[in-house]
Amino acid sequence: MKPPQGAHSASGGAEQSQFLTVLSRDEALRRWTAALAPKPIGRETVSLDASLGRVLAVSVAAPIDVPPFDRSQMDGYAARSADLAGAAEDAPVRLTLNAETVACGVAPRLPVGPGTATPIATGGPLPRGADAVIMVEHTDPDGPGGILARRPVPPGGNLAYAGSDLARGEVVLRAGTLIGAREIGLLAACGVAQAEVWRRPRVAVLSTGDELAQPGEPLRPAQIYDSNGPIVAAALTENGCDPVRFGAIPDDAAALEAALREAHATCDAVILSGGTSKGAGDLTYRLIDRLGAPGIVAHGVALKPGKPLCLAVCDGKAVVVLPGFPTSAMFTFHDMVAPVLRRLAGQPPRAEASLEARVPVRVPSDLGRTEFVMASLARTDEGYVAFPLGKGSGSVSSFSQADGFFTIDALHDGLDAGALAPVTLLDPGLRPPDLVIVGSHCVGLEPVLDQLAAEGVSARSIAVGSMAGVAALRRGECDIAPIHLMDPATGQYNKSYVPDGAELVKGWGRLQGLAFRAGDRRFESFTLEQALKRVAGDPDLLMVNRNPGSGTRILTDKLLAGRKPEGYWNQPRSHNAVAAAIAQGRADWGVTIRPVADAYGLGFIPILDEQYDFLVARARRDSPAVQAFLLALARPETADALLQRGFTPAERG
Ligand SMILES: Nc1nc2c(c(=O)[nH]1)N[C@H]1C(S)=C(S)[C@@H](COP(=O)(O)OP(=O)(O)OC[C@H]3O[C@@H](n4cnc5c(N)ncnc54)[C@H](O)[C@@H]3O)O[C@H]1N2
Ligand code: MOO
């Protein structure tokens with residue numbers, strides 16, 4: 001959305017007309033549902049094949065008996081139980097065969113009189129007079145026209161009576177049932193070819209913002225891909241609605257008004273994302289308020305993520321503006337919007353599940369807002385651990401990687417390390433991963449994890465950095481911690497960081513170096529010593545550093561020997577961020593690894609081969625998942641893949 005207007009704008013300052021009242025989550029929902037009175041929007045009749053995933057609008061009673069007639073459950077002979085009462089192995093009873101055979105789908109013509117039997121197939125209709133079936137195994141032929149029955153069969157033996165499965169008139173599926181494969185089978189068995197189901201609400205999906213490109217299009221400078229549109233559309237389908245995509249609307253009053261009016265006129269509900277927060281983006285609100293009464297009922301909710309959520313009802317239709325930040329958009333959709341849309345769709349409430357987990361690190365939070373923290377779960381010997389996915393509301397990955405979320409209430413400024421928290425699962429069918437890897441993530445891990453996936457071993461890699469990985473391993477929260485930590489005293493990698501109960505497994509080498517824009521004369525063809533002298537002496541050179549605790553930071557500090565050049569406090573958390581800052585000219589140099597520098601087309605002066613190794617918890621070493629990991633690591637294909645990506649595989653004997 002557009003930034004706040006500065007002093008040069010016509011209005012002479014940023015408008016601050018939004019968030020007049022920030023409501024609690026519950027109050028915002030109460031006002032919205034009171035204005036909307038959500039209920040199913042209508043019925044339609046669909047064919048049985050098209051009914052999967054739909055919700056029955058009316059109860060269905062069986063129009064016929066199932067089975068429709070008394071039928072045999074065995075291949076054998078329809079007979080009279082009274083005739084068989086005295087039959088035994090040493091005293092068989094002779095029965096005369098009637099002159100017909102009852103196959104499936106053949107109506108019998110002849111009755112079974114006393115002393116007679118009719119050959120019958122499993123599923124064949126029982127002839128008049130018969131009240132039992134004797135299995136063929138319990139008989140012997142006795143000439144062309146008779147059998148000897150060697151067992152007694154009680155009345156009703158080996159047969160199913162008409163209506164014993166479903167009786168005509170019995171309700172087989174109730175209104176409100178979600179139709180799955182089993183329900184379809186049930187309806188088909190009763191001969192029902194169509195189902196009366198709730199109509200799926202058509203919900204318009206509009207992204208807003210000049211910066212949005214659609215996936216598949218090239219990304220121009222300062223653009224990002226529209227992820228909210230596709231994820232909201234998919235989440236609507238998951239919740240029983242039909243999304244209608246309107247794409248990304250630029251920040252232009254006429255375009256937005258036209259799209260919004262069309263969406264409101266042609267759909268049952270409208271969901272926008274972006275431009276709900278402060279700034280001069282109040283265009284959307286003025287337009288929504290003009291769409292119909294009562295208009296906006298809540299704008300600003302005391303929760304995080306999701307504070308700028310805007311809820312409206314215009315002429316009986318729900319209109320929602322989700323925050324632009326992807327995690328905020330998805331969380332508010334999941335928590336507040338989806339349950340209401342499900343009621344429009346006639347869908348049953350979503351199944352909720354939660355479990356208790358220990359949160360291993362302190363999680364700070366804002367006072368005054370209920371904070372929802374997305375977390376990845378790992379199972380340990382002492383129960384579940386919830387790792388907060390600390391990427392913030394702007395992240396697209398934290399909502400998708402989260403297993404669930406826990407809350408920190410508005411009156412607290414954080415959750416202490418080690419606290420227990422109930423975690424609400426985003427997918428109630430959570431299956432904890434077989435292998436938990438916590439520490440520094442490296443793209444060299446991908447071929448190893450691909451092999452595990454192909455073998456059916458599910459692995460979860462949680463990137464928290466090397467130091468935090470060591471701590472997690474020490475607390476028993478993971479199986480493996482990848483690290484690349486130089487001991488500043490010895491210059492050696494990793495060996496001095498192995499905690500009790502762990503062992504070090506060799507990974508691979510990553511060439512660390514000083515990266516700069518290719519062709520930059522201030523670095524081109526310099527040795528490392530020359531380059532370091534240059535950065536110390538040239539105040540125009542801007543560096544990009546790494547976050548404290550990262551292996552690269554330790555190395556950088558060692559190289560700088562106490563100096564803090566311009567840019568030192570710019571401390572992103574990844575190799576890629578360092579390379580992007582240099583490539584895009586926000587910085588001139590930084591320390592990163594060769595594969596990343598190459599990917600960004602940067603110049604590179606080698607420093608040293610840093611060792612990326614694995615701490616393995618000894619107690620877990622023999623588990624099948626850890627064994628699979630170690631095997632995958634040792635495969636020649638892995639070494640090839642590492643070489644291809646610019647890493648130096650460890651020598652293995
Ligand atoms: N001064 C203040 N700034 C902000 C506040 C505030 O209270 N005061 N609130 C912050 C919070 S909290 C959130 S959440 C965001 C929400 O911002 P908007 O809803 O106005 O959204 P935008 O500004 O349009 O975009 C924010 C961010 O998200 C990206 N975005 C937008 N649409 C999409 C999309 N369809 N797919 C992917 N990403 C999208 C957009 O490019 C921005 O990066 O505001 C804070 N600021
Ligand atoms: O409410 Mo925003 O969604 O904190 O990030």
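## Helix α12

Helix α12 spans residues 551-560 in this predicted model, and 8 of its 10 residues are buried (under 20% relative accessible area, with a 1.4 Å probe and protein chains only). Helices here are DSSP runs of H or I with at least four residues, and strands are E runs of at least two, numbered from the N terminus. The buried residues are G551, T552, R553, I554, L555, T556, L559 and L560.

These buried residues pack against several elements, including α11 (528-537), α13 (575-583), β32 (502-517) and β35 (602-617); contact requires heavy atoms within 4.5 Å. After α12 comes A561, whose phi is positive, near 45 degrees.

## S207 in strand β13

Strand β13 covers residues 202-208 and contains S207. S207 counts as buried because its relative accessibility is 2%. Leaving aside residues up to four places away in sequence, S207 touches L212, D226, N228, G229, G247, A248, I249 and S273.

The residues around ligand 2 are K304, P305, G306, K307, P308, F325, S328, R369 and S393, where a residue qualifies if one of its heavy atoms lies within 4 Å.

Oxygen atoms of ligand 2 lie 2.3 Å from a polar side-chain atom of S328, 2.4 Å from a side-chain N or O atom of S393 and 2.5 Å from a polar backbone atom of G306.

## Basis of the model

The model is predicted: local features need pLDDT of at least 70, side-chain atom pairs count only at pLDDT 80 or more, and totals for chains, interfaces and linings use all residues. Residues are numbered from 1 along each chain as its sequence is written, chains are lettered from A and ligands numbered from 1 in the order in which they are written, and side-chain values use heavy atoms, leaving out hydrogens and water.

Notes
Polar contact = N/O pair within 3.5 Å; in protein donor to acceptor, adjacent residues only side chain to side chain. Buried < 20%, exposed > 50% of the residue type's maximum accessible area, 1.4 Å probe, protein only.
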